[in-house]
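Notebook open. I want to look at one strand, then the chain around it, then the contacts between parts.

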Amino acid sequence: MPVRSLSFQALALSLLAFVCILIPRTASAVEIQRFTTPGGINVWLVEENTVPLITMNFAWRGGATQDPGGKAGVASFLTVMMDEGAGDMDSRAFQEREEALAMRMSFNAGRDTLYGEFRTLVETRDESFEMLRLAINEARFDEAAFARMREQILTGLRDSENDPQTILGRAWGEAVFSNHPYGRPVDGTVDTVSEITIGDLRDYRARIFARDNLVIGVVGAIDQKTLAGLVDEVFGGLPLNAQLTKIPDAIIPDKPFLRTAELDVPQTVIQFGRPGLLRDDADFIPAYVLNYILGGGSFSSRLYEEVREKRGLAYSVYSYLYPLDHAGLFVGGLATRAERAQEAIDIVRSEITRMAKDGPTEEELASAKAYLKGSYALRFDTGDKIADQLVQIQLENLGYDYFDKRNAMIEAVTMEDLKRAAKRLLDGGDVFVIAVGRPTIKTDG
Amino acid sequence: MKHRSPAVRLFAALIAFTFLAAGLPGNARAFVKDVANFTLENGMQVVVIPDHRAPVVTHMVWYRVGAADEPLGQAGIAHFLEHLMFKGTPSNPNGSFSKYVASVGGQENAFTSSDYTAYFQRVAKEHLADMMRLEADRMENLVLTKEVVDPERDVIMEERRSRTDNNPGAQLSEALEATLWFEHPYGRPVIGWMNEMEKLTLDDAISYYDRYYTPNNAILIVAGDVDAAEVKRLAEETYGKLKRRAEPPPRVRPEEPVHRTHRMVRLESPLVTQPSLTRSYVVPSYTTADREGLTGEAEALDLFAELLFGGSTSALYQKLVVEDKLAVSIGGYYRGTMLDDGELVLFASPAPGTTLEQLEAAIDREMAAFLKSEITEETLARVKRSVIATSVYAQDSQQTLARVFGTALTTGRTVDNVLTWTDRVRAVTADEILAVGLKYLDINQAATGYLLPASAPSRS
């Protein structure tokens, strides 16, 4: 590990910008420190000394959408190569060292974002951070490891080829996103993964692992000064600017349709949706509350009540808002026995239409607010969860004071807001539906 | 499990089938030194795990009853009752418990395994007393009607279709377990067999409830921003007022006869596109090892599993995946946190061009070679460190800690067993690890399952 000179370190400390904010719902103990490292990297830290652990979550903007054309799965492939050897350690040496340090490191590709999670015991902190530095800056991509991991990915893809959820996901991508990068499977396909080369991984890393698209959230037994030095060691050598391919906004179908794929399984798997709202939309919070009432609440939503509780049609029925960077979606799903799939789809459609037309009741709004406000604290009760929140808030550009404002934003939602959100989100209630199972459903077009 | 959230479902599955299976009774004295453990006058046990980092609590009630305690012919009744427990009581009818939990921003769920059934809520700490009042109420006042039982039976049947009937891999696992255990009810799936589930009645559920849901068969676990004295006071005011409704019988399940055969199960399905194999051996659990005077064997089995097939540094992975390239992946775990015997489970996918028979032969050859090899001090230290660290990482989550203690106490372990786990793992020697391997990797105590595409014969 390179050693920074003492004088530089002294200067560097004075550059740290201190901004603290409390997460009020989770008591005064949780205090966010925002600062910029001497190397110019922004970090959000919650110092928490109860448990001798440090959790660092980080993310680069630019996930699977940045896969080169025709090679879906590059970002996802890269994530499994990160602990397959780095620096002067081959795959086995690297993984044995990870084990000896009892550190945890994992990477995960999303559509818009590439995520990393790193956890270490305090007692092996410096050695573990050095391993992370090696992985991010000097992963080797040895031929043998590359071939082995490719075979594992291909095996996984082959393994799920006839899984109803996989077939559903593929049909969904094609029908909803057509040729947009969001329509490509994040993990790729047997065909695309077979085409990926080591050069593709190197190229992706060179383009995406940068500093201007990086966000970091840390929780644990570490102070700001120590962390700043370690963050600079790990990320300071990356290029300043990522080279992101510009992604166009996706055009989501606004006409309803019902498509089916045949598969001989006893339970039909169903997904439905329609265009939704982007995260920065002024009506996002009202739409979020509305969705909670419709299908977001675990034991209390209308879909839960009508589909599961009254009729026993499904173990699982739900809906959620899915805001991507370049598309907003409203999505829901359930699974039910083939003979009653049609009935289940009809009920979902009628409940969405009812909500679109009449909106929720005052009582439903009050219950939704009570739940959503009260449960916010439960997102902050482990170091892992807090680190995840610190990263998400930054990725979504919600502002460091979002933790303070969020419950007030929920509280401020009125019936008027919900009616407007219902009109914008559900617009009469037409949804597109994709079902995978035995042919028991009338397609309507 | 009652709730639909995929994330929660995953978490529970992880805990029930992977996390604890990996032998992970979390511990680190520094953090859990203040664990309190006492018993109410009616026999209900209480454990308090302080965690003052956030003003929330995890409130759980565990019953010492699970699918392995079900009457013959009623497979799935433990889990069915778990769902029905959300239906209401005279003073809190029609799901008003759940509505109340939601109204205070709480989260709730329940889960069932072979050895236990548990209910929990996670709430801001000021609502703890209400949770205790409501959970105590449904311990003795559950009311069921045909109107709520009938649709819920459909729900659990849908749950079975989701988990098993749509998934050939799950069907093979179910058949493998049923084949592995001749007589012990661990061979029955927790969700139940469909033909028995469809016949489960309101009376079946209530008689099961009346037999097992009583304070003297329950454990209260509260983890979070509380202190033991406060929990004790609240527990005495709520659970402490409950009568002993029943005296559940000792948990003595049918014993396995001597096994003399290696059993093979084979599932060919057009839904399968990638062959794989699974093998399970019957081995002692933490509890049966102690019961039979085999002290230290369970801890050794935990390390044995880790060394043999625990991850990409393990012996089988390095030999068969990295060197010989006969397998694409290989893994496994020790399911040691059980009231009766446990299992060593391994699974593997062959490389293209390798048949399952060839892969199985190679696995047997390499396991035999491992038993003759030497475990270096360096390797042993590395693996111990990694295994023991799981108990430090577990301290980040009050929910995880609550589950660790709940699982231990419903599977015949004590709070002290959990607290001393890391010390006992540290004490295991290389010789002891190889000795349990030699003793328990007996093919006649095992069942092997092949998952195959319908059209592709596996013999070359």
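I began with strand 4 of chain A, residues 53–61, and found it mostly covered, with 9 of its 9 residues buried. Buried means 20 or more other C-beta atoms within 10 Å of the residue's own; exposed means 12 or fewer, partly exposed is in between, and C-beta atoms are placed from the backbone. Strands (E, at least two residues) and helices (H or I, at least four) are DSSP runs, numbered from the N terminus.

This is a predicted model: I kept local features only at pLDDT of at least 70 and side-chain atom pairs only at pLDDT 80 or more, while totals for chains, interfaces and linings use all residues. Residues are numbered from 1 along each chain as its sequence is written, and chains are lettered from A and ligands numbered from 1 in the order in which they are written.

I checked the two faces next. In a regular strand the side chains alternate between the two faces of the sheet. On one side of strand 4 of chain A I listed A:L53, A:T55, A:N57, A:A59 and A:R61, and on the other A:I54, A:M56, A:F58 and A:W60; all are buried.

**Its partners.** Which strands does strand 4 of chain A run antiparallel to? Strand 6 (residues 113–121) of chain A is joined to it by 9 bridges. Strand 7 (residues 214–220) of chain A is joined to it by 7 bridges. Pairing takes at least two DSSP bridges between two strands. I noted one residue pair for each: A:I54 has A:T120 as its bridge partner in strand 6, and A:W60 stands opposite A:L214 in strand 7.

**Chain A overall.** I counted 16 helices and 12 strands in chain A. Its C-alpha atoms fill a box of roughly 70 × 50 × 35 Å along the principal axes. Buried residues make up 50% of chain A.

**Domains.** Chain A divides into domain 1 (14–235) and domain 2 (258–437); the bounds come from an automatic or database domain assignment. Their C-alpha centres lie 28 Å apart. The contact takes 37 residues from domain 1 and 31 residues from domain 2. Contact means C-beta atoms, placed from the backbone, within 7 Å. Strand 4 and strand 7 of chain A are among the elements that supply at least two residues each to the domain 1 side. Helix 6 of chain A gives the most to that side, with 8 residues. By class, the domain 1 side has 24 nonpolar, 8 polar and 5 charged residues. Nonpolar covers Ala, Val, Leu, Ile, Met, Phe, Trp, Tyr, Cys and Pro; charged covers Asp, Glu, Lys and Arg; the others, Gly among them, are polar.

**Chain A against chain B.** I found 58 residues of chain A in contact with 51 residues of chain B. Strand 6 of chain A is one of the elements that supply at least two residues to the chain A side. Helix 5 of chain A has the largest share, 6 residues. The chain A side holds 22 nonpolar, 18 polar and 18 charged residues.

**One residue in chain B.** Last, I looked up B:L81, in helix 3 (residues 77–84) of chain B. B:L81 counts as buried because it has 26 C-beta neighbours inside 10 Å. Beyond its neighbours within four places in sequence, B:L81 is in contact with B:A205, B:Y208 and B:Y209.

How values were computed:
Two residues are in contact if their C-beta atoms, placed from the backbone, lie within 7 Å.
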